[in-house]
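Subject: Structure for your review

Dear colleague,

Please find below the structure I am handing over to you.

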Amino acid sequence: MSTQKTKIFLLNANPVPTSFSYACSNAYHCTAEQAGAEVMRFNIEEMDFDPVLHKGYEEIQELEPDLLKFQQAISLADHLVFVYPNWWNTMPAKMKGLFDRAFLPQFAFSFENDTFTPLLTGRSGRIINIVGSAHPFLLWCTIGSYTNELSKGILRACGVKPVVTTSFGPTRGSSDEGREKWIDQVRTMAAKDARAFAKRP
């Protein structure tokens with residue numbers, strides 16, 4: 001058996017550096033690298049691109065350099081990790097625009113002869129969702145699964161599986177001790193993910 005680094009794509013989709021999403025992203029990033037993984041990290045507020053797909057798929061817009069780097073990292077990765085806040089029970093608008101612009105035909109999927117074919121197979125995924133003002137379970141009981149848009153509608157549809165989802169919250173009013181316990185869980189996830197692909201034939 002040969003050993004090589006697990007390649008992990010990591011997107012932090014909260015633009016606020018003092019946010020708990022950022023703290024989770026930092027903890028995941030540091031732990032995964034310490035465990036031997038190669039982490040390709042993107043912070044969404046540092047990415048320069050138009051998030052609007054102005055003409056749908058009728059006319060593909062030229063991809064900005066940051067979107068090309070985003071696609072390249074996805075292509076190289078063994079494991080995809082998305083950390084983002086729950087804003088109005090979905091992902092932030094710029095994050096949705098990132099998928100609209102970058103998860104294009106012939107990259108994330110193909111649709112020919114009325115047949116949809118996923119093109120991102122061979123990768124696993126992890127979602128870390130941060131809920132600010134409600135308990136994640138109570139929120140799920142009220143509106144249903146608020147992460148399905150990403151986990152099933154985007155990632156699994158494009159061939160990424162399994163996709164494991166974890167929600168933390170409510171962060172508003174949470175104690176430092178409570179947040180540190182959540183961060184410890186993130187570190188455990190990162191160490192596990194870093195080892196997942198390390199040994200290959």
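Helix α1 covers residues 20–34, which is 15 residues in this predicted model. From its first C-alpha to its last, α1 reaches 21 Å, close to the 21 Å expected at 1.5 Å a residue. Just after α1, Gly36 adopts a positive phi of about 105 degrees.

The strands named above also belong together. An open sheet is formed by five strands in the order β3-β2-β4-β7-β8, and their pairing is parallel. At its edges stand β3 and β8, each of which pairs on one side only. On average, neighbouring strands of this sheet are turned by 15 degrees against each other, direction ignored. Within the sheet, β4 and β7 pair in the parallel sense over seven bridges. For Leu80, the bridge partner in β7 is Gly125.

I turn next to the aromatic residues. How many aromatic pairs does a search of the whole structure find? The search finds twelve. One of the pairs consists of Phe9 and Phe82, whose rings are tilted, at 5.6 Å centre to centre and with 55 degrees between the planes. Because Phe9 lies in strand β2 and Phe82 in strand β4, this pair ties together parts that are 73 residues apart in sequence. Are these two residues buried or exposed? Phe9 has a relative accessibility of 0% and therefore counts as buried. Phe82 is likewise buried, because its relative accessible area is 0%, and the cut-off for buried is under 20%.

A further aromatic pair joins Phe103 and Phe107; this one is edge-to-face, with 6.0 Å centre to centre and 70 degrees between the planes. Phe103 counts as buried because its relative accessibility is 4%. Phe107, with a relative accessible area of 14%, is buried as well.

With kind regards

Technical notes. Residues numbered from 1 in each chain as written. Predicted model: local features only at pLDDT ≥ 70, side-chain atom pairs only at ≥ 80, totals over all residues. Heavy atoms only, no water. Helix = DSSP H or I, 4+ residues; strand = E, 2+ residues; numbered from the N terminus. Expected span 1.5 Å × (residues − 1). Pairing = 2+ DSSP bridges. Axes fitted to C-alpha atoms, helices over the stretch in contact; angles between N-to-C directions. Phe/Tyr/Trp six-rings, centres within 6.5 Å; stacked < 30°, edge-to-face > 60°. Buried < 20%, exposed > 50% of the residue type's maximum accessible area, 1.4 Å probe, protein only.
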